[in-house]
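User: Can you walk me through a few contacts in this one? I'd like to start with the aromatic rings.

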Amino acid sequence: MKPQLLLPLLWASWLLGTLPEGEGCNRTTSEGHAGAEAVPGERGSLLNVSVGNQGRPDSLFLSWDEPDGGALGYTLAIYTLEPDVLLQNGSAGPNATSFQFQGLVPGAGYSIEVTAALACAEASSQRVSGQTSPAPVHNVSLSSDGSPSALRASWTDAPGQKDGYRLVLYHLDSQGAVRNESVPGAVSTFLFDGLLAGSEYALRISTLAGVRQASTSTHQWTAPTTPAALTLQSLGSSTSLFASWSGAEGAAWLHLTLHNLLSRTVTRTVSAKRGLSNYTFQHLSPGTPYHLGVSAAAGPYWAVGPNATAWTYPLSPVNLTLSITGKAGSLQARWTPPAGERDYYLVTLHQGESRALARNVSVGGDSAHVSFHGLSPGNQYSLRVTAVAGPHRAPSLSAAAWTQPLAPPGVSLSSQGSTSTLHARWKEVAGAGYVVALYSLEPPALVKNSSEVGGVTNLTYEGLSPGTHYAFVISTVAGPYASPPLRITNWTYPLPVEELSLSNQGQSTSLRASWKGAAAGSVNYSGVLLEARSQAWLRNVTVGESCTNVTFQGLSPGHQYTLEMAAMVGPYRSPVRTATDWTYPLAPSGVTLTSKRHPLGLSAAWHSASGVRDRFLIHLYSKELLMQQNVSVGPDTQNFTFLGLLPGIQYSVEVTALAGPYRASAPSATAWTYPVSLANMSVTRGPSPRELHVGWMELGGAGDHWVQLYADESLSIIRNVSVRRGAAHVDLDGLVPGARYRVEVVSRAGPHRTSSQTAIGYTAPLTPLSPAVTNGGSTSALAVRWEAPAGQRDGYLVSVYEEDALAAGRRVNAGKDSTNVSLAGLAPGSCYHVGISALAGPYSSDPQNVTGCTVPAAPANVSLTNSGSSSVLRAAWDEPPGGRDHYRVILYSLVPWGIETAQSLGPNAQNITWTRLAAGSRFTAQVTAVKGPYESSSVNVTQWTYPLAPANLTLASPSASALQVSWTGAEGGGEGYTVDLYDASSGRHVGHTLLPWGARNHTFQSLIPGTHYSVGVSTVAGPYHSSTPNLTHWTP
């Protein structure tokens, strides 16, 4: 039936023909096929053939049972099933029970016939069917292509025949099959989607052929996804930070890296398994900013996650002290810096029990002390120092101290004419009270000391010794401190002279004065001897406390004299006591001396003495001018006129009767020449605001003067001061500061009076009080305020000079009732020295100087530009008008939000460039002009750095109408990606899509099979793009 069986049949026939016959052999044979039982002969039996492959896909292994009685040998043939074609044949010896066919097609079905040659030329055959095992696939790969939810399986087709493939995907964590797919044998790729991110999967691919299969396995991870949210908090701790996150199920591991932003070092690296949602970083530095970065990992894949920044709480400063510096109005704060870091210290100073804010300053984080100047002396202040780190604050305990008080001003000690009382007065000054003491200086001894509360400004000491020198000492007390003591001295008035007497003791030319000495005090005595009739001054005398008498020699005979005696101590004189007596007279008598106005002269007249005389000698003299004039006249002459004398001078005349060698002199007579008006009279301010200085020039001679003072236009005399002869000026005190006065000087010479012209003068005004300058937030104006001083004034003068400027300042006049003025049109950001003076007539007070600054103008036309760089930005601005100390330029990162850098630039800077910025990131810049404590900021400007292009661009065709593009995310940052598809032949733009930042692939669908396409991927950051070179690919 099959020609291919000829050889085995002939071999079997030959084998059977060689068997011996005649032993009752049965030549009947039987033949069976697979699936049917073979009918054995009488001596034969069923072979029970079985087929197996022993794990090899290109062979079949046969085994059978030896027939009863044995076999002479075996023949074997193998056929294809459809069509039934002989492929191989073989033979086996009589003892064989197995045989193997090799070189077969894997997974194919075969028919096998086994024939046993029996004795007596009999045979037993059996046909069975079998199938080779299919071959496993090769080059199996499982890749995620960066996808967190899909894995693509690919393999090389298995050789031989097969029914198809079975793909079983296992999730290794759960140890369960998640997908079981069957695909035709022509398929060599398969996409598993809808998988869990960051998970490991195992794939088993089985080649199916009938009931047989051959499997190959591999495993791979899906790409991880980063946490959806990350927070970093201090939770009030100074040494730990608490990190928490959510949405991290798509990562097998999270790698947390904590950076110290001050030292720019990695502080801690931690790996957290899936399922953890928080971690606490311990043993950190207090007051330090930290940056936490998170990366998600799954197998070989990594994904950069969100980041966060937080500060640990700073530690509070310790050992805070507040003490005086030795200067009134100054305090110094010191503290021990705590461990860790901080941005700066906020130092707040409060005044008094009301805790009014006195100062609020910031100092560097490395500072350990700060000084406050210009505080109110004698006040209590409390201080607190707060360490600031980022948004966190750590205040210290408070400290308190008093400022050094000032000694009270205006201290005076006056007796007010009393012999046993002194009055101490002073002006109120800040402090808790005063310590006062009164000492006697001769001998030194403490009289009384006391403590007075604040508000007391005067004390009266009674029961003191007359004519005694005392010292009053006062100090202001504030807390534990006292001002330097202020010492002032004065005397009590002495008691008047007692038991004063004046006697000639029989002499015609001398007088003796005596008195009783004072009982206490260091007292001197001063006396003035006057010619009683004319009250002309003749002689002064001053003696010490131990002297109780004095003799006046060389007096004129026959004249009456008056002695005025007073006790003196310090600047004070006791009330005057007087005594009068006469010298013995001599002839002639009745001598007179009279003044003549026109012409100016003196006329002497006398009564002739009885008797005879040769002539009269008339002796005219002036003790002031040390001049004398003698004239001889006849014995009958009874008058004589002297011309050409100086005006306002007292003269004396002595008339002596001469007769031979003897003379008899009449008592001298005195008279004054008429005074003339004073010349060049002037009224100017005195050395203090309550004094006027009145000056004049005498013409020739002059007598005494009366200086009469009138208030402004009033006709009433408010002061009448006597000035001795020869004086050219007088100082009037106790007047109203800044007031207008009229002064008239009346010259007096004996009984004669002559008035000068009236002169106008002003006392100096007092200095304005409590000056202050504020800007009210203005860039071009300052408000000046002051308090009106005591007294009067015509107005105020406000002088303004720009600090360090060479140009002349401005002057503004204000009315006498004004206490403020506004200065406009000033330069922004400039400091001005302002002087405030009160004006009265030609005089002005010493200026009260104060300094104020205008607010600086904000920088204009601020720009932030990108010149095409991925890491460099440049800010520029126009210089605003006016001045400034410096610019503060801050660059903020918007994602994540935070200060990228802050810098101070010189006042003339107009640009700054930042480098090493993150690519594809958005920044905003602010430029602030700073002048002292004032500042003005520009509007914020925003710009992007160029992003970096994506890398590792690949193209694949998952189907005839689709193209899949994949890439590696760009370093740095960005907003997303744009993917553009072009027809490579025509350049026509076919497709465009915008993807989020986390995308790593995109598939274009519904494309034309067999078409050449070009694909480009760009990173997008704001208005900027960075592209990879286009790749091309054909759809199948």
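User: How many aromatic pairs does a search of the whole structure find?
Analyst: The search finds 19 aromatic pairs. Rings of Phe, Tyr and Trp (its six-membered ring) count as a pair if their centres lie within 6.5 Å; planes under 30 degrees apart are stacked, over 60 edge-to-face, and the rest tilted.

User: How are W155 and Y165 arranged?
Analyst: Their ring centres are 5.6 Å apart and the planes stand at 65°, so this pair is edge-to-face. W155 belongs to strand β9 (residues 151–156) and Y165 to strand β10 (residues 164–171), so the pair ties together parts that are 10 residues apart in sequence. Strands here are DSSP runs of E, at least two residues long, numbered from the N terminus.

User: Are W155 and Y165 buried or exposed?
Analyst: Both W155 and Y165 are buried, meaning under 20% relative accessible area with a 1.4 Å probe, protein chains only.

User: What is this based on?
Analyst: This is a predicted model, where local features need pLDDT of at least 70, side-chain atom pairs count only at pLDDT 80 or more, and totals for chains, interfaces and linings use all residues. Residues are numbered from 1 along each chain as its sequence is written, and side-chain values use heavy atoms, with hydrogens and water left out.

User: Which residues form an aromatic cluster?
Analyst: One cluster is made up of W426, Y434, Y461 and F472.

User: Now charges over rings. Where does the charged end of R127 sit?
Analyst: It sits over the ring of Y79, 4.4 Å from the centre. To qualify, NZ of Lys or CZ of Arg must be within 6 Å of the ring centre and within 35 degrees of the ring normal. R742 likewise lies over the face of Y710, at 4.6 Å from the ring centre.

User: What is the bridge partner of R127?
Analyst: R127, in β7, is the bridge partner of E113. Strand β6 (residues 109–117) and β7 run antiparallel and are joined by 9 bridges; two strands pair if DSSP finds at least two bridges between them.

User: In what order do the strands of that open sheet come?
Analyst: The order is β4-β3-β6-β7, 4 strands with antiparallel pairing. β4 (86–92) and β7 (123–131) are the edge strands, each pairing on one side only.

User: Switching to β54: how does it pair with β55?
Analyst: β54 (residues 679–685) and β55 (residues 692–697) are antiparallel over 5 bridges, and a hairpin of 6 residues joins them. V683 stands opposite V694 in β55.

User: And what stands opposite V694 in β58?
Analyst: That is V730. β55 pairs with β58 (residues 729–732) in the antiparallel sense over 4 bridges.

Key: Buried means under 20% relative accessible area, exposed over 50%, partly exposed in between (1.4 Å probe, protein chains only).
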